Amino acid sequence: MESTRNKLIQLLADSSEKYISGQLLSDELQISRSAIWKHMKELEKDGYQIEGKSNKGYRIISYPDKLSENTIRWGLETNWIGKSIIHKESTTSTQHIAHDEARNGAAHGTIIIADEQTNGKGRMNRSWFSTKGKGMWLSIILRPKISPLQAPQLTLLTATVLADVLHSYCNVQPLIKWPNDILLHDKKIVGILTEMQAEQDIINYIVIGIGLNVNQSKDDLPEEISHRATSLLIETEKEHSIKALIQEILTTFEKSYDQYIKNGFPEIKQKWESYGFKIGEEITIKTLKDHFRAIFLGIEEDGALRIKRMDGSIEKLYSAEIDWFEK
Ligand code: BTN
């Protein structure tokens, strides 16, 4: 059923502005003309505007901005990411679905997208506000043939992808706050959560969850986060198409991932550092044993923070509390 609809959309799309006759569609899809008509009605429910003329046939006038498996797929020119798409109007968390799907064998590049999450997950067991229709709540299933020790590189890669898309597609100036928050004007606009199922040497699967605040107004952001969170609407004073953003992100992600698999981490590291928040600046670091000031130099191959102490010694830090906004 689903694939017939997809083929139908494809045929209509291929004929571009021109009409395509009901008979031709029926021959191509090997279904009756009344079945074609029923599919057209379904597409209209999905928000496609379709014109049907009795002596000419059908043509698509406009594509919906509403998210669905079809609308996300339409115009998505990728080789492996988003070939399988699961879209939910509402779900607890796209991460939950992704884990279930991955355990059941979902392919590398499968994506799960929701209009709303009722129990969105953030890092360190925090929750993630995922208001209906206002943001991009996306999980990507990956099956990389890399060591589990390299997995943090994929989170850093994801941050660079988001920063690139925000910069070149939305014309804003993002910074990445270690390890992987994306900031605009010191406020968080993107959160990334990476979860992995692995054995000693092999990764069974990784789920990368990305939350991007898109069309929330200041009033839409919950009070407890409004002083440290922002959205594209707030920053650019205009609404953005979530569908177009998803497609842009997936396309950029695929390119970057393919390059990473081919060339390794150095290009990602360089890009990450070009967006790095407070790189070259003094920051205050609190670890279990210590509290000191140091210069933030950049990131390491394994995603650790590289710092220079005031005595000139260089260190790698994996977990530390940093007050990034302290002057
Ligand atoms: C963070 O704490 O900064 C990470 C937030 C990650 C949120 C995304 S939204 C899509 C995916 N589903 C979830 O429940 N969480 C991630």
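From which domains does the lining of the second largest pocket draw at least three residues each? The answer is domain 1 (2-62) and domain 2 (69-275). Keep in mind that this is a predicted model.

Start with the pocket itself. The second largest pocket holds about 230 Å³ of space. On its lining sit N6, I9 and Q10, together with N70, R73, W74, G75, L76 and T78. I81, G82 and K83 complete the list. Two elements each give two or more residues to this lining: α1 (2-14) and α4 (69-73). Helix α1 supplies the largest share, three residues.

Now turn to a helix pair. Helix α2 covers residues 22-29, and helix α3 covers residues 33-45. Their axes lie 9 Å apart, and the two helices pack at an angle of about 100 degrees. Angles of 65 to 115 degrees count as roughly perpendicular, so α2 and α3 are roughly perpendicular to each other.

Which residues meet where α2 packs on α3? From α2 come G22, Q23, L25, S26 and L29. From α3 come R33, I36 and M40. The residues of this contact divide into four nonpolar, three polar and one charged.

Key
Residues are numbered from 1 along each chain as its sequence is written. This is a predicted model: local features need pLDDT of at least 70, side-chain atom pairs count only at pLDDT 80 or more; totals for chains, interfaces and linings use all residues. Side-chain values use heavy atoms; hydrogens and water are left out. Axes are lines fitted to C-alpha atoms, for helices over the stretch in contact, and angles run from 0 to 180 degrees between N-to-C directions. Helices (H or I, at least four residues) and strands (E, at least two) are DSSP runs, numbered from the N terminus. Angles under 35 degrees count as roughly parallel, over 145 as roughly antiparallel, 65 to 115 as roughly perpendicular and the rest as oblique. Contact means heavy atoms within 4.5 Å. Ala, Val, Leu, Ile, Met, Phe, Trp, Tyr, Cys and Pro count as nonpolar, Asp, Glu, Lys and Arg as charged, and the others, Gly among them, as polar. On a 1 Å grid over the protein atoms alone, a cavity is a set of points where a 1.4 Å probe fits but cannot get out, and a pocket is an open set with protein on both sides within 12 Å along at least five of seven lines; lining residues have an atom within 4 Å of a point. Grid points are joined across faces, edges and corners, and a volume is the space filled by probe spheres set on the points. Domain bounds come from an automatic or database domain assignment.
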